[in-house]
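Keep the viewer open as you read.

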Amino acid sequence: MAPSNRSETDSWPAVARGDDALITAEIEARPSRPPDYEAESRVLSALAGEMADNPRGVLQRLAELVVEVCHADSASVSILEPGGAHGSLRWQAAAGAFAANLDATVPCDASPHGTLIAGNAVLLFDEPERIFPALRGAEPRIYESLLAPWQANGETAGALWAIKHTPQGRFDAEDARLLQSLARFASAAYQMSTALDAATTRSDELERPVAERTVDLRESEAHLAVNLAGMRRLYDLHARLANESDLAVALGEIVAAANAFLGTNRGCIQLVSDDGERLEMFAYRGYDEQDRFIQHFLHEGSRPACDAARRDRWRLVIEDVATFPGLRGATDREVALADGIRATQSTPMIGRAGELVGVLSNQFPRPHRPSDDELRLIDLLAWMATDFVERYQANTALRESEERYRALATASADVIYRMGPDWSEMRQLDGRGFLSDSAEPTDSWLERYIPPDDRARVTAAIEEAVRAGSIFALEHRVVRVDGTIGWVISRAVPMIDDLGKIVEWIGAASDVTARKAAEAALRQSEERKAFLLHLSDALRPLRDPGEIQAASARLLGEHLGVNQAHYGETVGDHVHIHQGYGHGLPAMIGRFRFIDFGEQLVASYRAGKTAASDDVAIDPTISPAECEVLGGAGIRAYVAVPLVKDGEWVATLAVHNRTPRRWQPKEIALVEEVAELTWAAAARARAENALRESEASLQQRVTTATSELRAVSRRLLTVQEEERRFLARELHDEIGQVLTGLNFQLAAAAGKTEKAALAEAQATVQDLTEQVRQLSMDLRPAVLDRYGLLAAMEWYAERYQKRTGISVDLRHAGLERRLPPDVEIGAYRVVQEALTNIARHARADAAAIQLFADDGMLTVVVRDQGAGFDSANAPTTSGLGGMRERVALLGGTLEIESAPGRGTTITAEFPHDGDEEAAGDRHFAPGTKR
């Protein structure tokens with residue numbers, strides 16, 4: 001094949017372009033022949049023999065065998081070489097119709113090879129020439145190509161090709177498995193061939209100075225002889241293991257071969273446990289079962305070797321156990337040295353899916369590193385061991401699967417049958433009492449077992465299964481032994497010969513008639529529940545009983561598909577329908593006499609019995625007169641459900657049809673449920689309406705009582721203040737005058753007799769006079785009534801400091817005008833009570849008062865930095881309750897902020913509608929510290 005000429009615009013990454021023709025996933029869906037491990041073993045044995053006898057021709061032999069075992073039209077082996085932007089591809093071997101392209105080269109990025117390298121997995125391409133320019137014009141034309149990569153020195157070095165040159169040619173999963181298995185051999189063969197070429201080249205170079213290099217040449221020949229001997233041993237071992245079925249024996253033979261290749265007598269194979277969590281010792285040579293080394297590594301490998309195998313998928317060679325850093329201080333090191341082990345090699349066994357299968361290990365009695373040639377042989381042994389383990393596991397799983405399938409089919413299937421390749425003939429059917437048996441082949445099975453309505457669907461499913469070669473699976477109806485209709489789930493698996501052709505179908509069917517009946521009943525139940533839920537949701541927000549009844553009738557009528565529905569309340573001998581539903585018949589609205597519908601029907605209603613008729617014209621329980629009335633209203637079929645509560649007929653829910661209708665029991669039951677639901681919803685609405693009216697009335701009464709109570713409280717405060725004013729005036733005018741006169745009299749008598757006694761009496765009277773004056777001021781300061789709140793506060797603050805020694809800082813704003821009297825006295829009392837508490841409890845030496853008034857609110861703040869208290873548990877004797885009550889009666893609010901050791905702040909707000917006269921800019925006027 002010659003390379004294609006293309007411009008720079010034709011060059012694009014093969015990975016991106018190859019995805020358009022990549023159909024690898026389709027392999028799993030295609031019919032596949034069963035694995036032929038015997039043929040695979042023969043091929044590998046032949047290749048091993050070729051490797052031993054003719055190593056340079058092994059790749060060509062490999063291509064020829066791919067044509068044979070993969071049923072390919074052509075096969076080739078490609079090798080990646082330097083050259084061009086991304087390297088070039090050379091056909092190192094070719095067989096079949098593709099043999100003419102042997103030794104041709106093409107750019108790697110113009111062929112599927114780039115996609116193969118990027119994916120590093122078996123790939124299937126459909127007409128790759130559509131995507132890859134290098135394959136255009138190839139003769140013969142490539143219709144389908146299966147590629148498997150192979151590696152050398154850890155990198156993809158080439159690919160093994162299987163090619164179909166006809167449109168009908170198709171590869172299956174077994175072809176992919178075989179190709180991947182052979183690709184591994186291609187890797188080993190290529191590396192061996194490369195080594196031979198290198199040795200030959202070196203031999204040619206040494207021929208000139210024959211005398212000097214005779215020793216080297218002999219060593220090289222000896223090296224080749226060792227390799228050839230190793231390959232022959234591999235060939236013999238592979239041939240012996242081809243017929244071996246015992247896993248332990250096979251792996252033991254492989255360990256023995258590895259020991260021989262490496263010149264040691266100790267080695268072992270550990271396999272990954274079933275749960276994938278650890279390595280378990282499976283085969284070993286050169287040890288006793290009780291040796292410490294075997295017991296120590298019985299259920300786990302050496303940590304460094306395990307990490308290298310599991311995580312990195314590479315081999316670990318420890319040239320000297322005593323000095324290897326990864327074993328320093330580890331028990332593994334102590335065990336190895338105690339058993340005389342100084343060096344080891346551990347090669348991972350990687351399966352086809354890239355998962356770790358196990359580890360092949362060898363141990364040496366002295367520090368040592370195996371040669372590269374020896375390690376290549378170990379790689380082939382590890383591959384051989386991996387392949388045997390996977391084949392053994394696959395065969396075991398296959399046997400178990402077949403046994404389970406046979407047991408399952410026998411235990412669970414109600415019918416077992418066999419069909420011809422195209423299903424035109426039923427070869428056998430064991431109906432087991434469910435279907436009629438068919439011991440002889442028959443071509444009339446479709447008419448015998450499948451109802452007419454299901455035949456087209458069954459036939460279509462069969463044709464699709466035959467076309468795709470996939471499992472037939474369908475749930476359909478069948479004619480049972482007794483002639484009734486039943487349901488089955490039927491599954492049939494195609495039996496495929498070595499050529500990939502379907503030769504027979506084996507099927508089983510299970511009786512699911514009961515399940516289908518249960519599903520139908522469940523669907524009906526779910527539909528009923530869904531409708532009742534929808535009805536409840538629709539009725540819930542409605543508050544008017546008439547609207548509830550109308551909505552219920554409409555939704556029921558629409559759900560049942562009837563021509564008329566209504567809910568009527570019984571009023572005496574009449575039914576009162578607020579709003580009915582009509583579709584094809586006019587909706588019934590208004591009042592109707594029950595007697596017009598017949599005495600028998602009314603008697604049934606009063607007894608609480610549901611009445612139903614599929615056709616009133618032929619119903620023997622309906623009289624001609626009743627039939628005439630119903631017919632005149634356009635009613636041919638009906639269901640009517642009376643509601644009787646506490647022995648009284650209260651309402652009726654009815655549905656009507658203008659044509660005969662066979663009412664199902666589930667439909668009658670649904671009408672009965674809707675009747676109860678509608679009555680309950682209407683009753684709930686009436687109760688809620690009554691409750692709302694009652695709550696509104698009660699709220700109005702509470703509001704009125706609260707207003708009256710506040711008025712009484714305000715009046716009480718007013719009377720209290722009036723009484724205080726009266727008491728203060730009396731103390732001042734009456735008692736004060738009397739005491740003043742007494743004082744004058746005593747003063748006159750003081751100069752006549754007993755001056756000392758009179759002077760003492762005079763002093764007493766003066767003290768009494770001062771006390772009365774102070775009492776008068778505390779009860780009702782006259783300055784508050786005459787000059788307002790600000791003057792009263794200044795006066796009180798000055799007196800408070802003189803009496804207690806506590807300085808007071810008074811600041812105010814907006815008090816240049818008078819406020820309503822009840823607001824002024826309320827604010828005064830709050831300040832008075834707060835300052836009194838400070839003197840009694842706060843242990844403070846200063847207090848602050850702020851008064852701020854605007855057009856609608858008076859704010860009073862009293863603050864100290866004293867002892868404070870827990871405001872959540874304030875003492876009941878502190879006067880705080882009285883302050884709250886006083887402020888609340890005036891429509892205001894009181895807030896107390898305090899904590900132990902952090903002082904107290906009392907804030908009171910009094911709304912007012914006092915004088916609106918402007919008082920200048922609002923600002924705090926600092927008072928004098930008193």
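## The main cavity

Strand 7, strand 8, helix 10 (303-312), strand 9, helix 11 (331-338), strand 10 and strand 11 each put at least two residues into the lining of the largest cavity. Helices (H or I, at least four residues) and strands (E, at least two) are DSSP runs, numbered from the N terminus. That cavity has a volume of about 250 Å³, and the structure holds 5 cavities of 30 Å³ or more. On a 1 Å grid over the protein atoms alone, a cavity is a set of points where a 1.4 Å probe fits but cannot get out, and lining residues have an atom within 4 Å of a point. Points are joined across faces, edges and corners, and a volume is the space filled by probe spheres set on them.

Who sits closest to the centre? Of the 23 lining residues, Phe-293, Phe-297, Ser-302, Thr-344 and Ser-346 do. By class, the lining has 14 nonpolar, 7 polar and 2 charged residues; Ala, Val, Leu, Ile, Met, Phe, Trp, Tyr, Cys and Pro count as nonpolar, Asp, Glu, Lys and Arg as charged, and the others, Gly among them, as polar.

## About the model

This is a predicted model, where local features need pLDDT of at least 70 and side-chain atom pairs count only at pLDDT 80 or more, while totals for chains, interfaces and linings use all residues. Residues are numbered from 1 along each chain as its sequence is written, and side-chain values use heavy atoms, with hydrogens and water left out.

Five strands form an open antiparallel sheet in the order 8-7-11-10-9; two strands pair if DSSP finds at least two bridges between them. Strand 8 (279-285) and strand 9 (316-318) are the edges, each pairing on one side only. Strand 10 (343-350) and strand 11 (356-364) run antiparallel, joined by 8 bridges, and Ile-350 stands opposite Leu-356.

Helix 8 (247-262) packs on this sheet, touching strand 7 (266-272), strand 8, strand 10 and strand 11 (contact means heavy atoms within 4.5 Å).

## Strand 6

Strand 6 (155-164) is largely enclosed by the rest of the structure, because 9 of its 10 residues are buried, meaning under 20% relative accessible area with a 1.4 Å probe, protein chains only. Strand 1 (74-81) pairs with strand 6 in the antiparallel sense over 6 bridges, while 9 bridges join strand 5 (144-152) to strand 6, also antiparallel. Leu-160 is the bridge partner of Val-77 and of Ala-148.

Conventions. Axes fitted to C-alpha atoms, helices over the stretch in contact; angles between N-to-C directions. 1 Å grid on protein atoms, 1.4 Å probe; cavity = no way out; pocket = protein on both sides within 12 Å on 5 of 7 lines; lining within 4 Å. Buried < 20%, exposed > 50% of the residue type's maximum accessible area, 1.4 Å probe, protein only.
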